[in-house]
Amino acid sequence: FGEVIDWPAATISIDERQLLQVPEILRMLSPPQVLKLKQQTQVIWDQYLSSVRKIVLTTLEIIRQRVYPHKAASLEAWNSRPGVLFSRYSLEEERQMEQEMSVCGVISTQSTGADLGSSSNIFKIIRSLGQVPSVKEILIHWSGSSTPPPVQDWYRFGNIKENRLEIFILQNNGTYIDKFQAATRCKANTVL
């Protein structure tokens with residue numbers, strides 16, 4: 001997120017060789033400096049990092065701004081309240097973008113299958129991606145030695161209706177396929 005978030009305004013960057021000097025460096029900060037850092041950290045956390053959904057939406061917005069640089073928000077808008085995700089679009093613009101943009105989420109896993117349950121992290125990721133309107137496909141790059149669960153289980157455990165988006169499973173079957181090769185199987189115009 002470094003291209004849109006002003007990290008120096010919210011963090012203190014210290015060279016690792018100065019690790020033992022951290023307490024002294026922190027004591028040198030004035031109370032107004034500490035308050036300003038806390039406030040900016042809270043803005044960044046609230047707007048972009050406080051949930052998986054916000055992280056995904058932030059990532060998609062950054063990608064959208066790379067594709068359409070003439071529609072990019074200023075750094076000031078990114079680093080102040082209410083933030084880009086909240087204030088960026090009218091409802092009409094948002095609907096139009098959802099129709100134009102289709103995203104394929106690629107998830108690589110080396111699961112054995114035995115460790116999969118409805119509360120597994122992979123299903124949490126699928127549920128989060130399923131809440132983002134522009135995500136139209138999810139490609140699961142299965143590189144485990146066991147057989148992946150059937151596609152209908154991915155929909156069920158991910159709490160996703162089958163007509164909402166398409167889930168594909170790409171299994172290695174002993175051959176090496178990296179996630180970038182796997183991503184070429186996506187039909188969407190953006191890969192996450």
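A disulfide is a pair of cysteine sulfur atoms within 2.5 Å. The structure is a predicted model, in which local features need pLDDT of at least 70 and side-chain atom pairs count only at pLDDT 80 or more, while totals for chains, interfaces and linings use all residues. Residues are numbered from 1 along each chain as its sequence is written, and side-chain values use heavy atoms, with hydrogens and water left out.

Consider the chain as a whole. Helices (H or I, at least four residues) and strands (E, at least two) are DSSP runs, numbered from the N terminus. The protein chain has nine helices and four strands. Read from the N terminus on, their order is α-α-α-α-α-α-β-α-β-α-β-α-β. The protein chain has 192 residues, of which 35% count as buried; buried means under 20% relative accessible area, exposed means over 50%, and partly exposed lies in between (1.4 Å probe, protein chains only). Contact means heavy atoms within 4.5 Å. Among contacts in the protein chain with a separation of 6 or more, 73% are between residues 24 or more positions apart.

Cys104 lies in strand E1 (residues 103–109) and Cys186 in the loop between helix H9 (179–183) and strand E4 (190–191), so the bond ties together parts that are 82 residues apart in sequence. The link of Cys104 and Cys186 is left-handed, with -40° about the S-S bond. Both Cys104 and Cys186 are buried.

On a 1 Å grid over the protein atoms alone, a pocket is an open set of points with protein on both sides within 12 Å along at least five of seven lines, whereas a cavity is a set where a 1.4 Å probe fits but cannot get out; lining residues have an atom within 4 Å of a point. The second largest pocket holds about 330 Å³ of space, where grid points are joined across faces, edges and corners and a volume is the space filled by probe spheres set on the points. Its lining has 16 residues, and the closest to its centre are Gly105, Val106, Ile107, Val191 and Leu192. At least two lining residues come from each of helix H3 (52–67), E1, helix H7 (121–130) and H9. By class, eleven residues of this lining are nonpolar, four are polar and one is charged. Here Ala, Val, Leu, Ile, Met, Phe, Trp, Tyr, Cys and Pro count as nonpolar, Asp, Glu, Lys and Arg as charged, and the others, Gly among them, as polar.

The buried residues of H3 include Val56, Thr58, Leu60 and Ile62. Thr58 has a relative accessible area of 0%. Leaving out residues up to four places away in sequence, Thr58 touches Phe1, Gln47, Tyr48, Trp78 and Leu85.

In H7, the buried residues are Ile122, Phe123, Ile126, Ser128, Leu129 and Gly130. They pack against H3, E1, strand E2 (135–142) and helix H8 (151–157). Leu129 has a relative accessible area of 5%. Apart from neighbours within four places in sequence, Leu129 is in contact with Val56, Gly105, Ile107, Val135, Ile138, Arg164 and Leu192. The C-alpha atoms of Leu129 and Arg53 are separated by 7.4 Å, although these residues are 76 residues apart along the chain.

Leu165 is in the loop between H8 and strand E3 (166–171). Leu165 is buried, with a relative accessible area of 4%. Not counting residues up to four places away in sequence, it touches Gly130, Val135, Lys136, Glu137, Ile138, Tyr155 and Ile160.

Two other places remain. Lys36, in helix H2 (residues 31–49), counts as exposed at 61% relative accessibility. Its C-alpha atom is separated by 7.8 Å from that of Ala10, 26 residues away along the chain. Pro82 is found in the loop between helix H4 (75–78) and helix H5 (84–87), and the peptide bond from Arg81 to Pro82 is cis, with omega near 5°.
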